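Subject: Structure for you to look at

Hi,

Here is the structure I promised. Please open it alongside these notes.

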Amino acid sequence: MSTWRTGRFAFGVAVVAVPLVIALLGPVFAGEPGPRAASFTLGGGHWLGTDFVGRDVWRQVLHGGRPVVLTALAATTLSYLVALPVGLLGALTHRRWLEELVMRPLDVLLAVPSLLLILLAATVFAPGAVGLALLVALVNVPDAARLVRAAAAEAAARPAVEALRMQGETWWRTAVGYVGRSMLRTLAADAGTRLTGVLYLVATAAFLGVGVAPDAADWAVMVDRNRTGLFVQPWAVVVPALLIVALTTGTNLLFDAALGGDRGRGPSMRSIR
């Protein structure tokens, strides 16, 4: 890496480390809840004050990051687990009817705003953390699958793919061994942006009360429930909001810096054997 890229990568690590450490290790150090105080107060043994129901804000911050981070990571992973085979199938199949059968329903889903789909689904059933992860993954599958198909179609048009077919290589080895590896940089670049978008969706859904309890220890719920006391006790809103911003910004900085190197031309035929 160049000096500039190394510095940006280090800055991204520093930015994202704070919310990640708090999210993953916070509950271990949160301790037992103490007696509740008056709502929206500062001091009194609570160095970040109390929230809208008198709970210690710092303790809520320590507990509130894990649901956001784990749900976002699970939703992003699930969306790619579905989008990758669908996109590869659409790009590599020689049967136009099969491509239409696979891709056109995704175009219909893509036409509906993601948050609207989540809200509509939430009116039918009350999703928990697992349900919210599945819903966010579902709304991300159409866009991810289209990107995979576009990236795979460029690699599938290369003479190397035709040579692999003539040699009798299996679809799996051609799709994953050559085409899949050829678009790793594209997928990595998309992963940074998609994870940020998923974090936004998860936080917004939690802000609207979808998939979480109204008084849950969740950074997005904290922002929503404590905003009425913003000018009385701002830390209950500012701290979780800054942690969400740091998480999304740091993620993008890390991916941008990591992908700033020289571009490869994809794997050779020999490398897939």
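**Salt bridges and a buried helix**

Asp51 and Arg55 form a salt bridge, with their closest N and O atoms 2.9 Å apart. Keep in mind that this is a predicted model. Asp51 counts as buried because its relative accessibility is 2%, under the 20% cut-off. Arg55 is buried too, with a relative accessible area of 14%.

The salt bridges come to five in total. Side chains of opposite charge can pair when their charged atoms come close.

Next, helix α8, which spans residues 184-207. Asp190 and Arg194 both sit in α8. Their side chains meet in a salt bridge, 2.9 Å from N to O. They are four residues apart, about one turn of the helix. An α-helix has 3.6 residues a turn, so residues three or four places apart point the same way. Both Asp190 and Arg194 are buried. Asp143 joins Asp190 and Arg194 in a network of salt bridges.

Then helix α9, residues 219-226. Is α9 enclosed or exposed? It is largely enclosed by the rest of the structure, because seven of its eight residues are buried. Those buried in α9 are Trp219, Ala220, Val221, Met222, Val223, Asp224 and Asn226.

What caps the N-terminal end of α9? Asp218 does: one of its side-chain oxygens lies 2.9 Å from the backbone nitrogen of Ala220.

Asp224 also has a partner. Its side chain meets that of Arg227 in a salt bridge, 2.9 Å from N to O. Asp224 counts as buried, at 8% relative accessibility.

Best wishes

Notes
Residues numbered from 1 in each chain as written. Predicted model: local features only at pLDDT ≥ 70, side-chain atom pairs only at ≥ 80, totals over all residues. Heavy atoms only, no water. Buried < 20%, exposed > 50% of the residue type's maximum accessible area, 1.4 Å probe, protein only. Helix = DSSP H or I, 4+ residues; strand = E, 2+ residues; numbered from the N terminus. Polar contact = N/O pair within 3.5 Å; in protein donor to acceptor, adjacent residues only side chain to side chain. Salt bridge = Lys/Arg side-chain N within 4 Å of Asp/Glu carboxyl O.
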